[in-house]
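I opened my notebook and went through this model one piece at a time. Here is what I looked up, in the order I looked it up.

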Amino acid sequence: MTKTENNILLFSITLCWASSYVFIKSLPPDFSSFAYLTLTTGIAAVILVAVFWRRLRDIKVSTLKRSFVLSLILTANLLAEKRGVMLLPASNASFLAALTILVVPLLMLLLRKKPTKNNMAGAGIIILGLFLTNRFSMSAFVNTGTLYVMLGCFCSAIYILSADRFTKQENPLLIGVTQMIFTALFGFVLWLFENPATFFSVNYTRELLSSIFILAFFTKAYAYILLMFSQKYADPMRVTIIASTEPVVTLTLAVLIPAAYGTSESFNIFSLFGALIIAIGAVVAGSGFMSSRKKAERTELHAD
Amino acid sequence: MQISRRKQFFVTFAAFVVLGAAFKVMVLVEGFTEVRPVNAIPPVAGLAFGWVGAIACGIGNLAADLFGGFGWSSVLGVIANFVAAYLPYRLWHLFSNEAPNVRSRKNILLYLLICLISAFTVAWFLSFGLYTFFGLWIAQIYVYVFFNNLGFSVMFGLPLLIILTSDSVSIQCRKRSGHILLGKLLGIKLKKPVCAVYLLLMTVIFVCVFFAGMNPKDASWLHVLSALSLAGLVCQIL
């Protein structure tokens, strides 16, 4: 796979995740987070097993162990994200989720991998973009939803770093399929504790089924298999940088998706410039023009 | 990876029906069109499986219509989706000697150009078809169909083609087939010029409908362009 092909895949994943905020918000407010997790990842697992069932014979114990760890992180991430998105406007949730770009280098520091000057500068620019989008007023973020999305953001960063390591050790396809099965099982157990009636407690409307299916297909089955493939060929910073352009896409989608879906977000000059600055920040963080060539080469070698 | 024709048909058909039906709730023009990520499938199915993929897309669209929007206009949908898949297959092999892939920038550009021509074609065919056969002119249909086709075939179709042609999957795409009309019957080497004229006609129709807000009721010369476009399309397909 060429670098361009890999970038296209990562952008496609970003698009799926960006659109997920709009669909999550269209779920009924009383819809259980555990039901959401079980149904979306369960359907995704069924789709993936149906498509790749012949390849499942190659699963090893080590694959199961690693995908178990990934699915634990993913469960925490999806639950926190869903809770947060229900409490915040879709575009705000997406802007906060873009802060993964700050958490990933910080976690890399803990792992004794120094972020570059560009990473630091890019992070600063992204924060500026975030403030500008909200006209330098943080009142919209003074909400419990912010804490949940930030928690999701932290889990997402751990997930990216872990997936980076595991996909280089295991078959990314098998990791992708088994983690989805484990995540669905975790979701189901939690749902069972919350409401023993589980599947029978849901009022299945056409709109609900449609949203659940869309989320399962695009944001789980499609996006996570593609992510596993991409992470095999890309470093975690590149994944995070491309993912941080998510607010730009979310903002556009939140305006374009039909009002029938209950989302009516305004697209003003501040949000436009904020999104542009975030995109510029992502580019700055992803490039290496601030480091000397030797240093950049050394960092690259160290990362390898 | 080689897939039998039957499997090619059923994989494409199943994907089309499931995705097409799931998005029926996101209506854009009641009874006619909705947000359609399923439009990512036709160019890829056409490039990978040729006419088998194209027939699967056409019939798949008819089956998906059973979940909403089924009517006589569904016949136009069958033809439009067949064309949306088969035209990319014909155009790819007209401009490239390689099997479909997007490993080089040249090939990415070719894929984008093919998606653009295909989107122009489907939008023109459906909107003008509805006017010609049912007396309905809805300008929004042209716009929505165009952006649905172009947007989704680039946003999801391109990654799908990357995965299918990657080393892990390495699907064996259908080989080129000759042009009957321009090649065997008329024996003329005008395939590329005909395609260029067709693109020009499609662009003119797009500018007239999208930017100038014209319609075939008031500007009857649009019918002439439409008839010429139909001739051009037949030349590409056969």
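**A helix in chain A**

I began with helix α1 of chain A, residues 3-25, which has 23 residues and reaches 34 Å from its first C-alpha to its last, close to the 33 Å expected at 1.5 Å a residue. The expected span is 1.5 Å times one less than the number of residues. Helices here are DSSP runs (H or I, at least four residues), strands are E runs of at least two, and both are numbered from the N terminus.

A note on the source: this is a predicted model, where local features need pLDDT of at least 70, side-chain atom pairs count only at pLDDT 80 or more, and totals for chains, interfaces and linings use all residues. Residues are numbered from 1 along each chain as its sequence is written, and chains are lettered from A and ligands numbered from 1 in the order in which they are written.

Is α1(A) enclosed or open? I found 19 of its 23 residues buried, so α1(A) is largely enclosed by the rest of the structure.

**A helix pair in chain A**

Next I looked at α5(A), residues 100-110, and α7(A), residues 144-169, which pack at an angle of about 50 degrees with their axes 9 Å apart. That makes α5(A) oblique to α7(A). Angles under 35 degrees count as roughly parallel, over 145 as roughly antiparallel, 65 to 115 as roughly perpendicular and the rest as oblique. Among the residues that meet, I noted V103(A) and L107(A) from α5(A), and F154(A) and L161(A) from α7(A). Contact means C-beta atoms, placed from the backbone, within 7 Å.

**A helix pair in chain B**

The contact includes Y111(B) and F120(B) of α5(B), and Y142(B) and F146(B) of α6(B). Axes are lines fitted to C-alpha atoms, for helices over the stretch in contact, and angles run from 0 to 180 degrees between N-to-C directions.

**Chain B as a whole**

How many helices and strands does chain B have? I counted 9 helices and 2 strands, in the order α-β-β-α-α-α-α-α-α-α-α. Buried residues make up 46% of its 238 residues. My last entry is that residues 24 or more positions apart account for 74% of the chain B contacts with a separation of 6 or more.

How values were computed
Buried ≥ 20, exposed ≤ 12 C-beta atoms within 10 Å, placed from the backbone. Contact = placed C-beta atoms within 7 Å.
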